[in-house]
Each structure stands twice: as structure tokens, then as C-alpha cells.
Amino acid sequence: MKISYNWLKQFIKTDWTSEQTSELLTDLGLEVEVVEKYQSIKGGLEGVVVGHVLTCEKHPDADRLKVTTVNVGLEAPIQIVCGAANVTAGQKVPVATIGTILYDKDGAEFTIKKGKIRGQESHGMICAEDELGLGTSHDGIMVLAEDLVPGTPASEVFQIANDEVFEIGLTPNRADAMSHYGTARDLRAGMLQRGVNIELITPSVSNFRVDMRTLKIDVNVEDNHLAPRYCGVTISGISVHESPSWLQDRLKAIGLTPKNNIVDVTNYVLHELGQPLHAFDAAKINGKIIVKTATEGTKFVTLDDVERTLHKEDLMICDEIGPLCIAGFFGGKKSGVSEGTTTIFLESAYFDPVSIRKTAKRHQLSTDASFRFERGIDPTITEYALKRAALLIQEVAGGKITSDVVEVYPKKVEDFSVLLNFSHVSKIIGQEISKDTIKKILVSLDIKVNSVSDSGLGLTIPAYRVDVQREIDVIEEILRVYGYNNINFSKKFNATVANSPRTEDYKVQNTIASQLNSQGFHEMMANSLTTASYGKLSTSLKEEHNVSMLNPLSSDLATLRQSLLFSGLEAVSYNINRKNSDLKLFEFGKTYHKYLNGFEEHKHLSLLISGNRNKETWTSPQKTTDFFLLKGYVKAILSRLGIEKISNAPVQSDIYSEGTAITYNNDILVEMGVVKKPILKHFGIKQDVYYADFNWDLVLKIITGKIKYTEIPKYPEVRRDLALLIDEKTTYESVFNLAKQTEKTLLKDINLFDVYQGNKLPEGKKSYALSFTIQDNSKTLTDSQIDKIMSKLQQTFETELGASLR
């Protein structure tokens with residue numbers, strides 16, 4: 001936000017320098033990021049003075065040049081060679097002296113230097129208006145008034161406006177300070193605290209009066225919740241033209257481009273008082289003004305010539321035929337003020353901030369008006385600002401007030417009531433502040449003290465302070481005005497050491513992250529927002545479980561992710577497209593799910609590996625990553641965490657073409673495998689990607705539980721392997737379940753350690769290499785028992801799955 005210091009001084013008469021003022025504003029929470037100088041003419045015409053042409057003779061060596069002697073207020077006149085046809089002796093002219101910096105029409109600077117032109121010395125330049133930035137004419141030099149004194153600075157003659165502009169980094173909660181008046185109000189409170197008793201001056205509207213009641217436009221507000229207060233008045237007989245220079249300079253100083261005198265006044269009052277206004281061409285209003293929500297799908301052309309499709313919740317200013325303006329945002333093309341406008345209806349209103357914010361998101365619009373409406377303006381100055389603008393319009397555009405102020409304000413916006421406890425103030429601030437100082441600060445902030453007791457104050461907060469509604473907010477106001485720098489700090493250093501268990505989430509994450517980094521992994525952090533279309537890549541992700549954003553920034557960031565895989569594949573694709581195809585990535589992140597009974601978040605650790613294991617060197621050939629490498633990393637993590645009581649199970653997610661799961665007490669701890677080709681194709685990935693997904697919530701639950709000890713089995717376990725040739729459509733899950741059903745007692749574990757598909761196998765077949773762990777906790781197994789179990793398993797596989805041994 002930009003604040004003009006000259007403009008600010010209209011509210012507070014102060015002789016403080018801009019440095020002093022910016023320091024105080026920053027202390028008050030209105031951080032001044034930079035102070036810039038503004039001049040209505042670039043360079044301020046520094047070095048340009050009034051000159052009196054004493055003599056003017058033809059150049060001896062050039063027909064179109066003249067040699068002049070000019071009095072510029074020095075001891076002796078100077079000689080200047082001039083090419084203007086209209087220069088003659090006796091004229092008063094603007095002269096750019098040696099060293100003066102001027103600017104061309106493109107803003108490029110050039111310096112006036114002493115030189116020779118066709119053999120004649122020239123000690124300056126007699127200027128045309130375009131060379132000084134005072135106009136566009138270059139027909140000849142400027143001829144000034146005869147009564148001007150030679151040597152008078154041109155900046156005084158042309159009344160160059162000089163200003164200093166504060167660039168304030170305004171925080172969103174400070175809606176009360178989004179104007180020069182609001183900033184001055186805060187500045188006054190700060191100056192009072194520093195012993196400077198100064199008056200806050202507000203523009204007078206006492207001269208506002210109705211000249212004639214010849215054009216009344218009625219107003220009907222259909223939804224008083226969306227438009228709690230609405231005011232309007234008509235002004236007739238105006239003349240739309242360029243604004244006077246003082247008004248243009250005010251707007252230019254804060255970065256606004258002047259349009260015409262009517263629009264400029266509405267912008268002026270907006271930045272002066274913080275109240276947005278809008279002027280309609282009254283001749284284009286049919287019947288009365290109706291404030292209502294739009295009809296879904298209505299087309300509306302705004303002032304920027306863009307046709308917009310309206311939403312049923314968009315608040316509109318309409319007449320009896322159709323919409324005229326998007327309330328709080330943009331006027332319509334058809335009802336806007338133009339050069340031919342002679343009568344206007346001037347609007348000043350207070351609109352519901354939530355409604356304006358939603359409309360802004362839907363239409364991707366942001367204007368100076370909506371910026372203020374969204375954050376909450378002062379509902380008490382609606383009529384005052386209207387009268388202020390009406391008087392300014394009469395000043396710069398003429399005209400007469402031709403109606404009473406029409407106001408719709410059925411229910412007053414109430415102030416807030418807050419109880420302040422003195423002990424809480426001292427506790428929060430950490431220092432005792434006198435009760436009189438607290439009351440003085442609150443009064444300086446327009447906070448009314450209704451009751452006083454030994455323990456605290458009963459306060460009424462003005463409605464425009466939408467950010468001060470709780471006791472803690474009041475304490476913050478006291479502290480910022482009192483001054484953070486005035487709070488004393490104890491020289492004693494206190495420290496507390498909190499004892500956190502080794503199984504604290506962040507500690508475990510750091511441990512595993514360090515391990516993965518040492519193994520060549522890079523940590524990634526992906527956006528939790530993603531596109532809903534990714535859910536179509538897996539049947540495991542249900543669309544009804546999506547957590548969707550109400551106001552998404554784009555369709556690609558409309559839904560919270562249900563899986564870490566797809567954001568990981570985005571990173572893989574991004575790297576591969578930039579010639580970085582050997583990847584090891586990991587991420588700690590959350591997934592989000594919507595269920596009938598509410599929303600849930602689940603923490604995960606994901607691993608992604610693809611490409612070659614290591615960089616190619618002459619000592620070792622390249623070797624691609626595979627499932628077993630991923631499995632090794634997974635097992636290393638579980639081993640580091642001390643999780644040992646695990647079992648293998650079929651993978652349940654359909655994102656894998658081949659994979660396995662690791663369970664703990666029948667709960668899935670990790671799923672890992674090869675990502676399906678169709679999913680990789682969606683991301684433009686042509687190489688294999690291996691993915692592991694840890695249920696991190698379960699990991700933390702396991703390692704934080706009590707350590708339980710079981711007796712080590714006295715009798716050995718036995719491992720037997722089978723290489724099965726099976727149909728390519730047969731899944732590991734079916735093999736696993738069938739084996740568990742066949743031998744429920746002694747079969748402790750099943751592990752898939754190799755999968756092969758190739759030309760050497762019959763068409764439609766694949767090979768599974770499986771290991772079976774058999775153990776009896778009560779005795780040593782005999783060979784005949786083991787052979788009997790393996791024969792039963794083999795026979796079952798042959799019967800049920802059509803498998804055969806390789």
C-alpha cells in the first residue's frame with residue numbers, strides 16, 4: 001500500500017521528517033518498506049531557470065541557428081545557440097543550465113553540457129515544453145510571462161509537486177489502515193504515546209446540501225445480509241473532463257493513472273477514507289436501483305470489455321432491466337461514466353466481506369475496492385464518504401445535488417464489547433504498564449472505556465476494527481502503541497530442557513532420513529494439493545473419498561492427495577525429462593481422506609527408485625535397480641527401527657504390476673513393488689519405477705509400544721523353495737492364500753523372491769520362485785514331515801492353479 005506524505009499531512013499537521021514518521025509507522029505495525037520521492041515532472045526541473053533573452057542574432061555558419069545572449073540571474077549573461085524559429089530578443093524563456101538532467105519521452109536521461117555548435121560556444125539550452133516534460137509540443141521554445149525574474153527556478157514557476165511516498169507492507173488484518181485517514185489515525189495514536197499532542201483533522205462535509213430535488217432514484221436491497229448498508233445520491237449538470245493537476249498529482253504519487261474527473265474523485269476518496277464508491281451514468285439507469293444476487297449463467301460485460309459469466313451467489317447492482325455492476329468490484333460497460341455523461345448516480349455501500357471474497361475467487365478478480373471490501377471497511381462512514389465525494393465532484397466537475405441521500409440501513413452494524421483484565425495485560429506483555437497509560441492508549445485508538453474497576457476495563461471496540469474482537473487483540477493493540485522497544489528484558493537467561501522420548505516423530509524421521517541419505521536418497525517435499533484426475537489411475541482411490549477445496553487456485557490444485565505416489569511420479573518425470581534418470585527419492589507426507597464419519601489424515605513414508613543403481617565407472621558396470629534393491633532398503637529401515645515381528649502378505653493396491661506387502665499383527669505396514677506401466681505412461685515415464693509405501697502412523701505405534709519379549713524357539717526352522725510355472729494372470733495373493741489354507745499350523749512364512757517372464761517360457765506363463773519357512777515350536781521336524789508338507793503344497797498348486805515345477 002502506498003501512502004503520500006503530503007496527503008497524510010492533510011490529516012495531521014506535523015513537521016516530522018519522513019524518516020521519523022516511517023520509523024514510528026513501522027513501530028506501530030505498519031511496516032514502511034521503502035520511502036520514494038515523487039515529482040510531478042521527472043527530475044523536478046532542477047537546474048532549469050527563467051532566462052531573459054537579451055540579444056538574438058543569426059548564426060554566422062548556419063542558416064537555421066541563432067546565437068543568443070541570455071540573462072539567467074548570474075553576474076554575466078551566457079551565450080546559447082538555439083535552433084528554434086520563434087526565439088527573439090526580449091523574451092522570458094526556460095533555460096536548462098550546464099549540468100541539468102532532462103528526460104526524453106521514453107524516460108531516458110540526457111545531461112546539458114558546455115559545447116560548440118558550428119564553432120559557437122553554447123552554455124545551456126533554451127527549452128521547448130516537450131523537452132521539459134510539460135507537454136507534447138515541439139513547435140518552438142516556451143515563452144514565459146514577461147514579469148518573471150531571471151534566475152527564478154522553473155520548479156516555482158510551474159509549481160512542480162514534490163512528495164515522499166511510503167510503501168507500507170500492510171498485513172491482511174489491518175483493514176482499518178487501508179487509507180490515508182486510517183494511517184493518520186494510527187500515526188496520531190503513536191505520537192500521543194510519545195508526548196506529541198496533535199489533532200486529527202477530518203475533511204468537512206458541512207457544505208453538502210441538496211440544490212434541487214429533480215432526480216430521485218429509488219433503491220431496493222433484496223438481501224440486507226449481503227448489503228447491510230447502501231447509500232446513493234444524484235448529481236446533475238456535471239462536465240466530464242481531465243482532472244485538475246492537484247488531483248492528478250495525488251493519484252500519480254500513489255501509482256494510480258488518472259482517468260477523468262469523476263472516476264478520479266471516487267479513487268481519491270477510496271484512498272483517502274478507505275470507502276470504495278462507484279459512479280453510474282444516471283441516464284443509463286432504467287427505473288430504480290436493485291441490489292440482488294445474479295441469475296446463474298447471466299452474461300455481463302465489465303468496464304474492461306471482458307464478458308463474464310455470473311454465478312448465482314454474485315451480488316449485483318441492477319436496474320429494472322438487468323445488471324449494471326458487480327457489487328464491490330467492477331462497473332459495467334454500459335452504465336459507466338463517459339465524456340458525454342452529464343448526470344450521475346453516486347453509490348457508497350458496505351458489502352458483506354465473505355460474499356465479496358467468494359466472488360473475487362470465482363472470477364479471479366482483484367481491485368482496490370474489492371481488496372478493502374474483502375477485509376472489512378468502516379460501516380459508519382458510508383454516508384460521510386458519499387457526501388465528501390459529492391462535494392469534490394462539484395468542485396472539479398460542477399453540477400448540482402439533485403436528490404436527498406437515499407439510504408438503506410435496516411440494522412445498524414454494532415460495535416464489539418470486550419472485557420480487559422489488567423493482570424492479563426501484565427502477564428502477556430511481561431511488564432507492568434500503568435492503568436492510566438493503558439486507558440490513554442485505548443482512547444487514542446477510538447476504543448471507548450465504558451467501565452473502570454480495580455481489576456480491569458469494560459470496552460467498546462469500533463466496528464471498523466474487525467481485527468480487535470478479543471481481549472488478547474486489545475492487549476496486542478496496547479503493546480504495539482506502547483512500543484515493543486519500550487519493553488524491558490531481563491538480563492537473566494532462563495532455559496528449560498524438555499525430555500522427549502527417542503520415539504518422538506521428528507526424531508524417528510531424522511534417524512531414517514539420515515540413513516536414506518547415506519544410501520544415496522534425496523528427500524523431496526511435494527504439494528499436498530493435486531488434481532482429482534489422478535484418482536482414476538487406481539481403483540484403490542475412491543472419488544467419494546476426495547477432500548476437495550472450496551476455492552481452488554486451479555484444477556491441478558483442487559484436491560488433497562490420497563496417495564504420495566502420484567506427486568512422487570511427477571518429480572520422477574520432471575527429473576527424467578531433464579536427463580536425470582537415476583533416481584532415489586523419499587518423502588515424509590500425509591494423505592487425506594473423507595469418510596461418512598468425517599475426515600482423516602494418515603502419515604506415510606514413500607520410497608521411489610528408478611534407473612541405474614550407481615553411476616557408471618570403469619571399475620564397475622552399470623546395473624539397473626530392481627525390486628530386490630527396494631526390498632533391501634525397506635528391510636534396512638525396519639531393522640533400524642527394531643521392527644522384527646513381521647510377515648509377508650499379498651499386496652492389495654492395484655498400483656503395482658508385481659509386489660508384496662509386509663504386515664505386523666495382520667496390519668499392513670509396508671506395500672512395495674513395481675508401478676504399473678499404464679500409470680507410468682500417464683506421466684510420460686518409460687523406465688521401470690519401484691515404489692514402497694510405509695504406514696508411518698503404524699510404524700510410530702509399534703516403536704512406541706511396550707517392548708515384549710518371547711522365548712526364542714528351541715527348535716530350528718526349515719526353508720524349502722519351489723519354482724512354479726503358472727499362468728501369467730495368477731497373482732501372488734492367490735498363491736499366498738492357497739498356501740496358508742493348505743498348511744495352517746507349521747507354515748510360518750512365505751516369500752516371493754523371484755519373478756521371471758521371458759522368451760524361454762511358454763506363451764502366457766510366468767515363473768514364481770517362492771520360499772516357505774516351516775517350524776514346529778514343540779519339536780524338531782523330520783524330513784518326512786517336511787516332505788509331506790511340501791508335497792501337499794505342490795499338489796494343491798497343481799490342482800487349484802494349474803502350476804507345475806520348473
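Let me start with a helix on a sheet. Helix α15, residues 565-576, lies across β32, β33, β36 and β37, and runs at about 150° to β32. Axes here are lines fitted to C-alpha atoms, for helices over the stretch in contact, and angles run from 0 to 180 degrees between N-to-C directions. Helices (H or I, at least four residues) and strands (E, at least two) are DSSP runs, numbered from the N terminus.

A word on the source. This is a predicted model: local features need pLDDT of at least 70, side-chain atom pairs count only at pLDDT 80 or more, and totals for chains, interfaces and linings use all residues. Residues are numbered from 1 along each chain as its sequence is written, and side-chain values use heavy atoms, with hydrogens and water left out.

Seven strands form an open sheet, in the order β28-β32-β33-β37-β36-β35-β34, with mixed pairing. Two strands pair if DSSP finds at least two bridges between them. The edges are β28 (522-523) and β34 (647-650); each has a single partner strand, so one side of each has no neighbour in the sheet. Contact means heavy atoms within 4.5 Å.

β28 pairs with β32 (residues 583-595) in the parallel sense, over two bridges. H522 has L585 in β32 as its bridge partner.

Next, β37, residues 689-695. Six of its seven residues are buried. Buried means under 20% relative accessible area, exposed over 50%, partly exposed in between, with a 1.4 Å probe and protein chains only. On one pairing, β33 (residues 598-610) and β37 are antiparallel over seven bridges. On another, β36 (residues 667-675) joins β37 by five bridges, also antiparallel. Which residue of β37 stands opposite L608? Y691 does. Y691 is also the bridge partner of G673.

On to L700, in helix α18 (residues 696-704). Is L700 buried or exposed? Buried, because its relative accessibility is 15%. Leaving aside neighbours within four places in sequence, L700 is in contact with T503, D505 and V508. For scale, L700 and N220 are 480 residues apart in sequence and 61 Å apart in space, C-alpha to C-alpha.

Now the other sheet. Three strands form an open sheet in the order β1-β12-β2, and the pairing is antiparallel. Its edge strands are β1 (2-4) and β2 (31-39), each pairing on one side only. Neighbouring strands are turned by 25° against each other on average, direction ignored. Three bridges join β1 to β12 (residues 162-169). I3 stands opposite F166 in β12.

The grid is 1 Å, over the protein atoms alone. A cavity is a set of points where a 1.4 Å probe fits but cannot get out; a pocket is an open set with protein on both sides within 12 Å along at least five of seven lines; lining residues have an atom within 4 Å of a point. Grid points are joined across faces, edges and corners, and a volume is the space filled by probe spheres set on the points.

The second largest pocket has a volume of about 780 Å³. Its lining has 30 residues; V263, N267, H278, L303 and F329 lie nearest the centre. Which element gives the largest share of that lining? α7, with five residues. By class, the lining has 15 nonpolar, nine polar and six charged residues. Ala, Val, Leu, Ile, Met, Phe, Trp, Tyr, Cys and Pro count as nonpolar, Asp, Glu, Lys and Arg as charged, and the others, Gly among them, as polar.

α9 (368-375) also supplies at least two residues of that lining. Within α9, A369, S370, R372, F373 and E374 are buried. The buried residues of α9 pack against α7, β22 (343-350) and α8 (353-363). After α9 comes G376, with a positive phi near 100°.

Last, the cavities. How many have 30 Å³ or more? Four.
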